[in-house]
Every structure is written in C-alpha cells, then in structure tokens.
Amino acid sequence: MLKRIEQIKSEAEGAIAAAGSTAELEELRVRFLGRKAELTMLLRGIADLPQEERGKVGSAANRVRQQLELKLEECAAELEASEISVSLAEGQVDVTLPGSPTHPAGHLHLITRTTRQIEDVMIGLGYRVIEGPEVEHDYYNFTALNHPPGHPARMLQDTFYVQSDPEVLLRTHTSPVQIRAMETQAPPIFVVVPGKVYRRDSDATHSPMFHQVEGLAIGEGITLADLQGTLVEMLGAIFGGSRQVRMRPHFFPFTEPSVEFDVSCFLCDGSGQLAVGERCNLCKGIGWIEVGGAGMVDPNVLGFVEANGYDPEKVQGFAFGMGVERIAMLRHGVPDLRRFFDNDVRVLGQFL
Amino acid sequence: MKVPYSWLREYCDPGVEPGELAERLAMTGTEVERVGAVGPPSAENFVIGKVLAVEPHPDADRLQVCTVDAGGDRTIVCGAPNVAAGQTVPVALPGATMPGGQKLGKAKLRGVESNGMILSAAELELGEGPPGILVLDDDGLTPGSPLAEVLPIAEPVLELEVTPNRIDCFGVYGVAREVHAITSAPLGPEPWAEDAPADGNGDVGDYASVEVKVPALCPRFTARVFTNVKIGPSPVWLQARLTAAGQRPINNVVDITNYVMLLTAQPLHAFDLDKVPAGALTIRTATEGETMATLDGVERKLDPETVLVCDQNGPSGIAGIMGGQTSEVSEQTTRVLLEVANWNGTNILRSSRQLGLRSEASSRFEKQLHPDLCLRAQKIASQLMIDLCGAKLVPGTIDVAAEIPAPPSISLRAGRVEGLLGMRVEQADQIAYLERLGFGVEPDGDDLMVEVPADRHYDVTREVDVIEEVARVHGLDEHLPSTLPGSAGQMGGLSREQKLRRRLEDAMRDLGFDEVVGWSFTDPGLPARMNIPEGDPRATGVTLSNPLSVEQSVMRTTLLGSLLDVGKANLARDAERVALFESGRVYLPEGDSEEGPLGGGFPGEKAPSVVEPHRLGALAVGPMRPKSWRGGGEPADFFALKGVLEGLAARLGVELVFEAGEEPFLHSGRSASVSVEDTKIGWIGELHPAVCRAWDLDAATGFEVSLAPLVAGAVVGREDFVDITTFPAVLQDLAVVVPPEVPSARVRETVLAGGGELLRSAEVFDQYIGEQVGAGRKSLALRLEFRADDRTLTDEEVAELRSAIVAALKEIGGSIRD
Ligand SMILES: [Zn+2]
C-alpha cells in the first residue's frame, strides 16, 4: 500500500512537471487529488485497513497529498507567469496607427464668442443682459430716440421697412431696447443689450445684417467722465493691456453731448509705429482705433419714459454702442466683414 | 463739405498746417475725412512770367518759340494760339510737378529746347477757363515771383464730414467761426456786413411780384432784380475756388449763386427775368398729376405735397431742390431775378426722397435753415453781381416772410457743466468759448443767460446743448477724467434663460457641431423649395417693402433654410461632411409670443408686431464620426441626431417626447415631432429627398426646436438630492416580444406604468427582429431599476412587480421572451 502511494506520488510529480499550461494542471489536480482520484479513494477507504496499518498509510497518503498540492501551486504560479507574458506578447498593437476618432471638434461662431466676451465684461461691471425685438416699431427705433418724423437724422441710417405696416421696420441699432428697458425698470438702471441690427447697405465694409452691443447706465449724477471710465475698463478687458480711450465730439439724435470713441491701438500701443519708421497698419499710424458711438442720454429721450421715474432734472446717464463684427475684426485680424456670414467651416474652425 | 484752405484763411487763419487743423477739428466734433489737394501737389517752380517775344517755330507750324522773363529770360516752346508778346502768364519751370504727378523737365521740341511750360487754367486745375494759355491781369506782377501769390495753386482742401445738426458748417464762414472758436485765431468780419449800392432804375416792385400761398412751407421768400447783366465766364479766382470746392464753373451768374451758397450755407436761385412772364412768381404746392422738366433735363412727376415756384405758365422750379429749364439763365440773359428763400426742411426732405432727387441746395434746406440767412446771401450776391457781371441792382427787396421767431435765450446754471460732464470748466472759459462760437452771453446771478445765433437756432435749444458746446471747445481729449459710476447695489448678470441658452450652445459645440450665423432674410421661393405648402404658416414670412434684392426680401420662418444654404455652400467648397447648428431667431407674422426673451416676450409697453422665438437648429450631412481603420463613417441618420437632441435635453434635465410626425420637408418614415410634456417644441428627422435635391445634397438630417419651452422645463439649479446609497437598487433585464407596429416608447410607458413607483427607470437598450422571435414580432430588451427609499427590496417584492409588468404588457399584445 505504501508503495502504491509512492508510485502515485512519482507518477503525479512527473505529470505535473510535464504540464504545459494552467489548464493541464487543473486536469491533473482533478486526476490526482479530485473526488474520484486514487489517493482520495485510498484515504476514504482507510477505515477498512487493519488497525496497525491505518496510521502509517494515512500519514503517508496525507503527506503525499500535501506535497502534490504544493507542487501544483508552484507549477501553476510559474505557468501563469509565462502565460501572461505570452498573452502580452500576443496582444501587442501597432501603436503608430491613428487613434479611434471622436467626432470632430465643434466651434462657436466668432460673433457669439465676441458678444459673450463683451457681455461678460459688462456683467462684471454690474450690468444685466437684456434683449429686444429685431422687427421693431418706428416709435422705439426712431421717435422715442429723438428722431421725430421727417427729421433728417433718420436719413443717417438707411432703414428696411415692413410691407404690411409702414410703422414697422427692422431695427437699425440696438438702442430701441434702451426705451423698452426704461419702460420696464425704474432708475437706476444698468443694462447691456446684444443683438442683430439691419441697415440697407451692402459692400466690403457694410453688411445689411450685423451685430451690436449697447450699454445704458442711468441714475443720479452719472457723468460723461463715468462713460469714459466705463469704456476704459471694457476696452482694456477686450483688447488687453492698459488701454486708453479718447472721445471725439459727434452728433447722435439720442445723446447730448454725443461722442465717438477710440481705443489706443493694442498692436503698436498707441505709438502708430511697429518698429522705428514702420507704420502700424492696424491704426494706420494714428495710434487710435475707432470703436463706437456714445454719449449722455438726451433729456428728450428720458422725457419719453419720464412717467417711470426718468425725470431728466433728477437722473442722467450714458449710453454707448459698438459693432460686434468690428471688435472681432480688430481683435482677430479678419479683413472683410462678409467673412462672418460666409460661415465657411474652415474659417469657423480657426476660432477655438 | 469741401473747404479750400485759402478761402478759409480769408476769414480765419489758424496759422497751422491743414493737417494740424484737421486733427483739432476732429477732436472738437467736425470730422475731416481727408485733406485733399487740387492743382499741382506743390507750388514750387510755378512762377509769374512775362512774354517778351514770340516767333514761329522753324520746323513746326503749330508751335511758337517764346522768350519769357520768368526771373531771368528763357526760351519756352508753346503750342497755344493765343500766346502773344506782352502777356503776363503762369509758367512752370523744369522741376515743377504737374497735377497728376508728372515731373517737368527740359525738353527738345522739334529741335528747339524748351525751358518750361506756359500753362492753361485747366492744366493748373483752376476750372475750365478760357481756351489756350491763361492770361493774367498785369497788376504790377513781378516776373519770377511765386505764382501761388496770385493764384490758388497747390491748394489744400479740407474735406469735412459735417454732422447734420451743424448746418452752419455747410458754409465756409461758419467753418471759419468754428476754427476761430477752437483755435482763438481772429475771425474776419461777416461778409454780409455791408449791403451793395442799389443804382438801378425804379423799384423792384416795378419788375417782379411774389405770392406765397403756402407760408408754412415757405417761411420766407426774398427776391432782388438786376439789370444790365453781362453773362460771361467768371474770373479765375472764382473759378478756382469753385473748382477746389467741387463745383463746376458755369457762368458768372450761376457761379455767384454757388459761391454765395458755399460761403453762407444759404442756397440761391437765379431766374432770367425776361423768361418770367410779368415777373410774377407764385409759391404753391403741386396739383395731382402735375409734371415739370428740371434743369437736368428729366421730366418729373410731382405729388401734392411738393412745393413749386411757378410763373404764370406753370412750374418753373421745384422749391429748394432744383430749378426748371423755362427760366434758366443763358448767354442772352440781361436781367436777373435772384431768389433767396427759406423752406420747411421736413417738407424738402420728404419731397427730395419722393422724387429721388437730392441737390446741394436740398441737402442744406432739408436740415432747416434759419430765415435770417436770406438777406445775408442777397447782400453778398448783390455786390458780386455788380463786380463780376457789371449789373445794376434795382432798389428794394421783395421779402415775403412769416413772423421770424426771436433767437431763444437759454439759462446755463452754475455747476451744470461739471454736473453733467464730470469735468470742471471755469465760468470765464465757458463764456469765452460761447462768445467765440457767436453766442451772446450775459451773467444772470451765478448762472449765465445764453443767446443763440440764427444759424444755430434749431441745433441749440436747451441747456444740455449749450453744455455740449462748452465741452467740445474745452477739449474732452485733454481734460475729461475717467471715473466709474457709483452703481452700488446693482447686480449684473445673465437671466436664467440666457445662461441655459449658453449651456445648450456650448453643448452643441462639444457634441461636434459648428455654429453658423445665417441671414435673417430669405427669398420668397424658399418655402416652395422646402416643400412647405401654401397655407402653412411658415410659407408666409414678414415681407420687406424695400429689400436690397428679392433674395433678401422675406424674414425667415425656419432656421432650416439658413442651415441648408450654409451646408450647401460648404459642401461646394469641398467639405466632406458638415455638422452645423444655429442659435437664432425666426420671425413669425402670426401667433403669440411666449414669456421671456427666448419666446419673444421682450420688455417694453408696446408688444412687438411679430413673434420672434429663439430656436436651436442643427443639420448634419455625412458622418458625425469620420471613417477610420476602426470603423465609423456612417452618415448621420435619424438616431444620430436624436442622440444629440437627447444629450441636450439631458443637460437640462428635461425629458423629450418623440412621436412619429410629418413635416413636409422631412422623410415621412424617419421623422418625429418633439415635445416637452404636452407642448410641441419642434421636429427632428432625415430630410425629404426632394428637399435634399433642391440643395444638391445626397442626404441630410436635422432638427429645430424652440428654446423657450425647452428651457422652461429645465431643472438645472432646482435639483433635489435623491438618496440612492442607503437602500440599493435591484437591476434586471426584461425581454419583451410585441407586434412590430407597437412603438418602443409605448412598451416603455407600459412597463413603467405596470412597475409602479418602485420601478425607477426602464430604458430600451436593444431591439431584435428575426427568426428567434418569429415572423410578425419584434423583441425589445429593457433595463429595469427597482428601488425603494425606505428599505431594501426583497426578491419576492421584485418578482411581484415583474408580474404586474407582464400583466400590463399583455394589454398591448406583449409577452416576455425567455
Ligand atoms: Zn497701431
């Protein structure tokens, strides 16, 4: 009996050493140590042996069983390690092949991006963003902005009119929203108005549809100097660095005094020159870049909303407006207004 | 407004280069478009010459060899037939640069060396002048002295962009006063200070009469009569000035009217009195259907609001806009009636637009001139008629005038300048600035009483207007500080709707779409190309009465049209695929606005006349994900875009309902209406083949939804915490076999209803159609999530819920597949 146990041991050890895979080892475990294996049966039948043999056979069989289990484990660990390295070797890929494409990146339109940038700067200065209709009443676009019917100032902007109603037009500026806002909110009021506007004009520098941003601040004691300070903050944030602003007196029917405002050129820092003797092309050597129009809100305009607390003797303030496309053109070197409305994806994709 | 620099300097010489003055003008409110030049770019090498002798050229019949004293004798070959010994002439010496940039050198003309050139008026750009060389009056001119001393050559011209409120600056004297105000250089006396002597026969009433039938439209009409008029060309100095100011010289009388208008801003009109029957003029409005031929030779149809200057035979001119041919001044004219009138600006503007006719005169009248200007112009013109036409002024002036309002007085309160501007200007400076601008200023306690001059009458009417005058002369660029308003308590920000709109736009970008900005206007044929039938509200957009072109004459009612146009253009530019989106408005003539700006509910008392909802639209042509060695490259279909739209909704926490729906521009089997709860917000689908063909596309898929209802359903910022960790959920899969016509949404709803509130979600994750479920059936696989808030669900509880679900499914002909 003991001899048979030794035979099983050497037979099993030989088989284990020859095993080539963990799967084979598992088969051997079943064959030599499983429920129906000879060694197991032998241990199970030990009670049938004579008393004096029981101890010897039992301990020999158990010893062999433990030895085999250990051997199996050792072998399994070795085989597993080599199997993993084989699978790693087999799993090797050509890392130089292109990655799985995600969908191509999308982009916001440069007009949206620029509008948001201006909005965000003004929000930081305490302004709310509001919007108004593009198909507008003559009253809001002209009359309440101090352009009485028949006034030549109406000729300054060539206007699209709506066929069904001669008193309805496409707004020529975002300024009608000033009146709508003041009708709705008593002073003080600080609002910024982005949106599409329309003028009957089309060439390299004019588009019949374009975008403006308008600012309005009305309260007690708000001055022209406050307008300049606000423009300094805003244009500095948009164009970067410490920008200067200058205001040139101008005429708009709905502001008095009225100004056009320039920002010091951010390319040449206002010097008009890029290197000694080389003229700055962005500002044409002037050192200043025209940005928009502004002024102190005309008392006549406040008169149209006086019932809502806008007594021109008690409150005053400023309004300013500028073209979004113009800001974007300056900021990003876009040469032609029409490029914004081509919507060429190759161009859209340049602005991340 | 073109202002020749020498003309300006006659009244106010700022003593600086034109460029420097231009900058100062720009900083005080008068933009200078450019400083142009007429004549040669430089006056150098242009001198006075005296012709000493003229001999025929030995080898050319048409040339003559002249000996000219031009500060030393020299030989000049000249081709003009009128050259003669004894003349004083303009000479260009070698080295001179001619107008146009050509540099003059010594030249051999048929073997004779010419040391310069004798010039005509045209060669100097001094107007058309007489043919041949220009012969100067010899008023003791020194040969060799600079030509610029007698003729305005190398004349700088300020091209001003005068704002419409500054009617005074449409005249050279007004500009001179402005220059005086901003530079303090002395201002010469007003050119109308003295009237001309009237030594004609009789009285003006003997020659002419004027009746004004429409005094409201013609506040003043003045007329003077001149006899013994000799028509001829104007002298060189006058032609030169007109030419530099952009006016073509015609004859002395017409030139005088133009000259006086350019000087005073007041237009004038000269009649040949002998062509005005009985010298009788009537000012009236046109009758219905009346026509007349204007000076430009065009027969004009008139409307009853147009004011006419008529003689006994009918209209002889359109008031303030253009004269007629009947009484035009000609070479035979000997007696002139000079009209200087004042017209209602609004009426002139209206008529000029109505006729499509704008002239130098109408562009001034439409801005409303002051009636005082009439006599100013009469006085200057009278003296010129006498001096240049040898005319006799008949005593008296016809002057038909409504009452002329007195100049207004305005109180400028102490402290108001600083209060409005935030910039201190000493009161003494305020007074000085206003006086230099021609205002009368009197102290009134601490305040100032300001009297407005006639030519600023309609521009400066209130205290704030006076403050503007002070501000701009004082100089904003040098003195205005930069401060910020005291806006304490003001909260800036975006509204919730605006924030969520940005979130959606950003999501579209992150999902791989390029944002486009389409035209708001489209062409009337667009609905037909999109298969939209007549009667559909989207077939009728807001139509413009004066579009730039038919292609841009109707406001869009969908974003899809814009997206298709942009898509097509990009594919034509060789793009292989596009994924586009637009966040913008459509314009609907009918319907109700929804609340908030995204629905067209804007602030203001007067509601907008059309509805402008904000929409989000998308269009994909070709694959969303490019083809690669790993697969991909399938064109975006219904489900690709539906996934995008569901992704958007998930970012707002909104659940969308998709139901098979029909839009005329969509594939009828691959399109759906999109709703939030019971509100329809838009559509999604693959485009109809006919629509694709109209835009040269093989296939395309898109969606368009209204943002207001989508954003209204958003839970962003209002989410409540849900405990999902204390009592774990039970996850199970369920395979349901149903007839093929039962939509998966119906199955899902049925499952959810059957499972009750402990069934937290049921999502369809697979569909199978094939042998294993048999013909006429389909199998759907759903992932179920059961969870209770207060306990861990037992297997028995879940089994019970599951049988309730199975029972519910039976109702719709469904069964469980094992
Ligand atoms: Zn620069």
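Thr750(B) counts as buried because its relative accessibility is 12%; buried stands for under 20% relative accessible area, exposed for over 50%, and partly exposed for what lies in between (1.4 Å probe, protein chains only). This is a predicted model, in which local features need pLDDT of at least 70 and side-chain atom pairs count only at pLDDT 80 or more, while totals for chains, interfaces and linings use all residues. Residues are numbered from 1 along each chain as its sequence is written, chains are lettered from A and ligands numbered from 1 in the order in which they are written, and side-chain values use heavy atoms, with hydrogens and water left out.

Thr750(B) belongs to helix 20 (residues 744-755) of chain B; helices (H or I, at least four residues) and strands (E, at least two) are DSSP runs numbered from the N terminus. Leaving aside residues up to four places away in sequence, Thr750(B) touches Ala808(B), Leu809(B) and Ile812(B), where contact means heavy atoms within 4.5 Å.

Elsewhere in chain B, Val112(B) sits in strand 8 (residues 112-114) and is also buried, at 17% relative accessibility. Its contacts, again not counting residues up to four places away in sequence, are His57(B), Pro58(B), Val65(B), Thr75(B), Val77(B) and Ala107(B). From the C-alpha atom of Val112(B) to that of Met530(B), 418 residues apart along the chain, the separation is 79 Å.

The interface of the two chains comes next. The contact draws 93 residues from chain B and 95 residues from chain A. Together the chains bury about 8,300 Å², 56% of it on carbon and sulfur atoms; buried area is the accessible area (1.4 Å probe) that two parts lose on being put together, summed over both. Twelve salt bridges cross this interface, a salt bridge being a side-chain nitrogen of Lys or Arg within 4 Å of a carboxyl oxygen of Asp or Glu. Helix 14 (residues 496-510) of chain B supplies the largest share of the side of chain B that touches chain A, seven residues.

Over all chains the structure holds 78 salt bridges. In one of them Arg502(B) pairs with Glu119(A), with the closest N and O atoms 2.7 Å apart. This pair crosses between chains, from helix 14 of chain B to helix 5 (residues 110-124) of chain A. Arg502(B) is buried, with a relative accessible area of 14%, and Glu119(A) is buried at 7% relative accessibility.

Within chain A, Glu136(A) and Arg180(A) form a salt bridge with closest N and O atoms 2.8 Å apart. Glu136(A) lies in strand 2 (residues 135-137) and Arg180(A) in helix 7 (residues 176-184), so the pair ties together parts that are 44 residues apart in sequence. Both residues are buried.

Within chain B, Asp733(B) and Arg783(B) form a salt bridge at 2.5 Å between the closest N and O atoms. Because Asp733(B) is in strand 35 (residues 730-738) and Arg783(B) in strand 37 (residues 778-786), the pair ties together parts 50 residues apart in sequence. Asp733(B) is partly exposed, at 39% relative accessibility, and Arg783(B) is partly exposed at 39%.

Chain A also has a zinc site. The protein donors of the zinc ion are the SG atoms of Cys265(A), Cys268(A), Cys280(A) and Cys283(A), lying 2.2 to 2.3 Å from it. Donors are N, O and S atoms within 2.8 Å of the metal (3.2 Å for Na, K and Ca), and water is not among the atoms, so sites may look incomplete. Along the chain the donors follow the spacing C-x2-C-x11-C-x2-C. Both Cys265(A) and Cys283(A) are buried.
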